Amino acid sequence: MTNHWIDIKNANVVIIMGGNAAEAHPVGFGWVTEAMQHNNAKLIVVDPRFNRSASLADHYAPIRSGTDIAFLLGVIRYLISTNQVNFDYVKAYTNASYLVRDDFDFHEGLFSGFDEEKSDYNKESWFYQLDDDGYAKVDETLEHPRCVWNLLKQHVERYDFDTVSNITGTPVADYQIVCDAIASTHTKDRVATFMYALGWTHHSKGAQNIRTMAMVQLLLGNIGQLGGGVNALRGHANVQGATDMGLLAQSLPGYVKLPSEKEPTLADHLAAHTPKPLRPGQTNYWKNYPSFYVSLLKAFWGKYATPENDFGYDWMPKWDQMYDFGKHLDMMYRGEVNGCIVQGVNAINSMPNRNKNLKALSNLKYLVVLDNLSSETATFWQNEPGFNEVDTASIQTEVFRLPTTCFAEEEGSIVNSGRWMQWHYKGANAPGEAMADSEIVSGILMELKKLYAEEGGRLPEPVKAVNWEYTDKHNPSSIELSKELNGYDVNTGRQVSSFSELKADGSTACGCWLYAGSWTEQGNQMDRRDNHDPSGKGITPGWAFAWPMNRRVLYNRASCDVNGKPWDSNRTIVEWKGGKWEGIDVPDFNAKLNPKDSAHPFIMQPEGVGRLFALKLLKEGPFPEHYEPVESPIGTNPLHPKVVHSPVLRWFEGVKDTIGTKEEFPYACTTYSLTEHFNFWTTHCRLAAISMPETFVEMNEQLAAEKGIKNGDLVKVSSKRGHIFTKALVTKRLRPLQVNGQTVHTLGIPRHGSHNALTKKAYSCNVLTTEMGDANTGVPEYKAFLVNVEKAEV
Amino acid sequence: MATQDIIRRSGTSEATPAAQARVGGVKQVAKLFDATKCNGCKACQVACSEWNDLREEVGSFQGTYQNPASLSPECWTLMKYNEVEADGKLHWQFTHSACMHCADPACLKACSTSGAIVQHANGTVDFDSDKCVGCGYCASACPFDIPKINPVDNKAYKCTLCSDRTAVGLEPSCVKTCTTGALRFGTREDMLFYAEKRVAELKDRGFTNAGIYNPEGVGGTGMVMILRDINDPESYDMPKDPQIKVSTELWQDVLKPLGTAGILATAGVALLHRITVGRNIVEEDQPGYRDEDHEEDSK
Amino acid sequence: MTLNRRQFFKLCAAGAATSAISALGLMSEKAYAAVREFKLLRAKETRNNCPYCSVGCGLLMYSQGSGGKNSEHAIFHIEGDADHPVNRGALCPKGAGLVDYVNSPHRLQYPEYRAPGSNKWQRISWEEAFKRIGRLMKDDRDANLIEKNADGVTVNRWLTTGMMTSSGMANESGIATQKFARSLGLVAIDTIARN
């Protein structure tokens with residue numbers, strides 16, 4: 001979230017789309033009801049299902065799953081064509097006025113540079129026109145035909161109401177209401193927030209879903225404002241922290257990169273990732289990349305990281321492609337992997353195409369599962385007729401099941417969606433012999449260090465060098481690890497108080513530059529408990545620590561016009577007053593500068609502005625475009641039938657054969673969470689099992705009547721990849737939609753099916769889902785695929 | 001130890017009231033359920049069971065989000081789910097179903113066991129289970145179908161308004177946990193004041209039929225509700241005009257005093273009971289009565 | 001079906017008898033109504049955050065024992081922290097039922113091992129677990145670590161073992177995991193955050 005949970009109360013319009021906050025983030029949703037009651041906010045819910053969020057909405061609009069981009073590009077067209085745009089904001093704080101290269105083009109669903117053979121783009125043309133100094137050319141009048149504004153206008157021209165309705169199935173009357181509500185916030189005294197989650201990421205164009213919304217917010221001038229922003233409702237309690245920790249295939253902590261093999265030396269890597277400003281005078285905060293990077297290497301390798309050895313850069317593994325878990329499962333399936341460590345994840349049920357995963361895990365030599373609950377992943381080798389059919393004796397995998405502590409039995413910090421780092425305390429000992437994850441990885445690492453010291457082996461240096469100088473090497477304390485995350489001066493041991501103190505010369509070490517300031521010489525800033533809200537705007541600077549630098553609203557410079565005057569005096573975050581900046585939040589800019597000299601608000605971009613045109617950052621193109629889900633219930637793309645789905649998808653070998661067609665599998669299907677459950681964890685909790693004992697499949701009354709299915713009937717749901725048995729919930733909350741001249745029925749299945757818990761034995765919905773996913777992230781398309789449904793014999 | 005704040009007690013006439021010296025400074029409390037702010041998350045339901053150490057059996061899917069299917073001796077708060085089409089729109093309506101803590105409690109009137117049901121000065125209607133004989137009169141008399149008899153210990157159970165929490169100055173567990181502020185707790189006066197204000201807000205937002213559910217037939221309730229359409233409480237599974245049954249009134253006002261006066265013979269009570277309320281409880285399919293003993297007998 | 005008649009008369013008799021006793025003022029010891037005793041009175045209170053979604057609600061966890069050296073704390077109740085500015089005491093149904101996660105009968109207690117082809121778990125010690133896992137990992141790494149790619153560039157990556165990490169664990173375990181994994185050369189690292 002650029003903003004935070006409490007800040008939702010400041011919104012005038014709340015759009016829940018690509019998420020279901022009432023269901024998945026109920027307490028956060030409480031701030032929506034707060035905005036509705038005390039700020040007279042309107043709540044709009046756009047979703048394939050009339051869900052718990054919709055139950056309180058002022059207006060609910062149905063949408064066919066996987067068509068959000070068409071929906072939002074239509075909104076952009078509407079905003080532009082009705083002049084409901086915050087033009088002052090757009091001109092000053094976005095790249096609307098920037099000129100794009102003449103060779104950039106879009107035609108029949110493809111952007112310029114497409115290489116059919118590689119299914120990928122040469123992105124050369126997706127860039128600004130540069131002047132002789134290397135700065136982007138701009139036309140502040142927005143009249144130049146090659147400026148982003150005019151290219152955007154041209155790009156969205158196709159998305160008129162009828163076209164949008166024909167793709168999304170959203171009736172035009174509903175669409176008009178949603179468009180008007182969103183557009184109402186283009187004025188300087190009104191702000192909208194979008195709340196989204198996995199309903200947008202779980203698509204074959206998830207990143208573009210989110211990006212389209214961000215463009216809407218930029219056009220309305222809603223980013224950097226109280227009550228506005230781009231608000232990802234993170235899933236797990238510490239998704240934010242796990243991502244901050246860089247636990248992703250190509251990341252390191254603090255959003256710095258795991259090097260690629262194209263960057264053989266530290267200098268190569270730093271050159272590739274330290275941007276040059278694209279406009280004069282910009283902050284270009286990533287210019288500090290070398291300081292963050294070298295400090296991280298010092299945290300990794302300690303005294304073994306020296307200027308002479310490029311601070312241990314060679315020991316960092318270099319990637320040739322993205323090895324996300326989807327990719328790695330595919331490699332396991334092909335017998336290319338020997339070992340897998342699964343930490344707190346019910347992988348077999350959480351990952352798509354369960355039948356394939358079962359074969360993949362069976363191919364392993366060893367599987368190590370760290371968990372505090374008994375999950376189906378650790379017991380994948382146990383035969384369970386119907387639910388998990390395997391030949392146990394033939395599975396040669398050695399499996400370890402290692403018990404871990406849960407939150408209540410350890411201390412440490414987790415980061416909520418609003419980037420608040422909150423410290424928690426231990427309330428009881430763990431059951432039996434359970435250990436914290438950090439203790440377990442230390443135990444394995446100490447064993448490996450011992451083995452390499454005794455026997456030698458392949459590349460023993462990094463195993464020896466990795467800095468594990470904790471008081472108890474077998475069990476580093478949370479306090480030590482936390483202080484390492486904050487960063488310190490390696491010579492004096494002094495904790496840094498800000499990332500501005502980090503150096504690229506090896507004199508500082510820092511586990512995650514964004515966390516600098518969280519554990520300073522003043523102590524632990526994350527367990528602060530002053531809940532005072534002096535401004536009444538929901539900013540509680542004395543509660544916990546919000547990265548970066550305790551800032552609660554990111555890009556808050558954009559809450560003011562270029563002269564430093566707030567767009568709306570009731571929404572003041574910072575203000576240029578009497579020759580200085582004042583405000584209720586930590587400024588997200590250089591507050592020493594006069595606004596006339598100060599840089600633009602989006603300080604992480606080398607041009608300082610928000611990008612309506614994304615340059616080369618996303619694989620599908622610099623503008624979003626509607627592509628159908630990999631499995632489309634209409635089998636075509638009404639905009640460009642030759643390019644039905646994203647042209648840059650990653651196709652693993654043989655996967656094309658596992659994709660169903662609408663002829664065979666005529667119904668759209670989506671999966672989701674219920675408020676009573678949290679993935680599979682709560683299936684082991686009696687109270688949660690009582691409140692929702694069993695999963696089901698939701699379907700509309702018309703489809704149920706056609707198929708002779710009554711509420712509560714046992715049904716068989718099948719996809720190209722497998723089938724499940726479950727019970728039908730026939731409801732008015734789902735309804736057939738008219739799309740491209742046909743009726744589209746959508747089914748919905750909760751994702752909590754488990755055969756090894758306190759709930760009723762149930763199939764995992766991921767027997768049905770496909771591993772095809774977003775080309776940028778590898779996130780699978782759990783939210784839009786094709787199935788058939790039949791009444792089952794009992 | 002007596003709480004000495006009992007303003008009514010079952011099976012007791014005015015001749016022998018409960019100790020009630022400590023009522024002077026006590027304000028009546030109320031729980032407010034604002035259905036227009038509820039999203040049916042079930043936090044109240046789970047928090048109730050957690051606080052009260054109740055663990056119902058894990059059931060099965062019954063074609064609805066509603067689980068368990070009904071209130072039970074081990075489920076004192078239940079979210080109910082109704083899909084309603086009105087004003088050209090679909091409404092998914094949720095009801096926080098739990099004891100209404102009636103000002104004039106039918107259960108207490110129907111109960112013949114001295115002190116098994118009491119009403120505290122703050123308005124809470126509470127069951128003193130050690131005295132309960134499990135006769136089920138309360139269950140059959142309740143116009144809201146709340147009390148449930150546990151076949152294991154043959155006692156009646158229902159929401160206590162967390163009397164153990166309110167006694168130490170805390171709000172009920174369900175209210176504290178409510179995620180959207182649909183549940184509130186305070187003095188009855190404050191809750192009614194707030195409810196009126198809230199209804200006015202709702203009318204401004206276009207909920208022209210919004211209103212307060214505080215039915216007079218039971219003397220008003222300690223759980224006050226705000227409903228989207230006050231003319232259609234049935235769409236929330238709430239009775240439109242709940243009344244104390246004539247039979248219960250008769251039992252309380254005419255027949256029970258006889259007990260104090262001369263102690264009626266058992267046969268007489270049985271006969272009268274058969275005539276008045278008896279038939280309401282002898283049907284075994286009544287949701288209020290689960291009689292495993294009887295099932296054993298009939299096998 | 002009718003009510004068990006025997007039971008019915010039993011009840012009527014009991015009712016009449018109780019009425020009679022109360023009328024005569026012969027109340028038994030238990031006759032006075034008193035509310036259930038407040039169960040948190042001296043329980044140890046520990047602050048924490050909900051481990052489920054990313055709202056980060058504040059929790060108050062209650063465990064028995066005075067904090068004295070001879071008692072083992074066991075958490076028996078969890079409710080929302082009213083001081084927390086986001087949840088202000090509220091918890092969703094999952095959070096409200098957290099005590100059944102902490103005390104779930106399905107919590108794992110000790111390290112276990114399943115041998116190739118076996119259909120059962122066997123309990124092992126942590127030492128045995130670390131030794132065997134260390135051996136398996138080292139053998140795989142020694143056999144399959146790629147030190148240089150086809151172009152002779154140092155890449156030091158190990159592809160034949162991977163790690164799927166938790167997004168429920170604290171940052172401190174997160175950084176330990178990150179250092180552990182990269183120092184061995186793992187590149188196949190992901191987090192369930194996305195799935």
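**Close-up views of a predicted model**

**View 1. Two domains of chain A meet.** In this predicted model, 23 residues of domain 1 of chain A are in contact with 28 residues of domain 2 of chain A. Which elements give two or more residues to the domain 1 side? They are helix 1 (21–24), helix 6 (161–168), helix 8 (198–201) and helix 9 (206–220) of chain A. Sorted by class, this side of domain 1 has seven nonpolar, eleven polar and five charged residues.

**View 2. Finding the two domains along chain A.** To get your bearings, look for domain 1 at residues 6–235 of chain A and domain 2 at residues 655–791. How many Å separate their centres? Taken over C-alpha atoms, the centres of domain 1 and domain 2 of chain A are 28 Å apart.

**View 3. Chain A touches chain C.** Now let us turn to the contact between chains. Here chain A brings 139 residues and chain C brings 103 residues. Which element of chain A gives the most to its side of this contact? That is helix 16 (residues 437–455), with ten residues. The side of chain A that touches chain C is made up of 72 nonpolar, 46 polar and 21 charged residues.

**View 4. A strand from each chain, side by side.** Follow strand 12 (residues 339–343) of chain A to its partner, strand 8 (residues 161–165) of chain C. Do these strands run parallel or antiparallel? They run parallel, and four bridges join them.

Key
Residues numbered from 1 in each chain as written. Chains lettered and ligands numbered in written order. Predicted model: local features only at pLDDT ≥ 70, side-chain atom pairs only at ≥ 80, totals over all residues. Contact = placed C-beta atoms within 7 Å. Nonpolar A, V, L, I, M, F, W, Y, C, P; charged D, E, K, R; others polar. Pairing = 2+ DSSP bridges. Domains from an automatic or database assignment.
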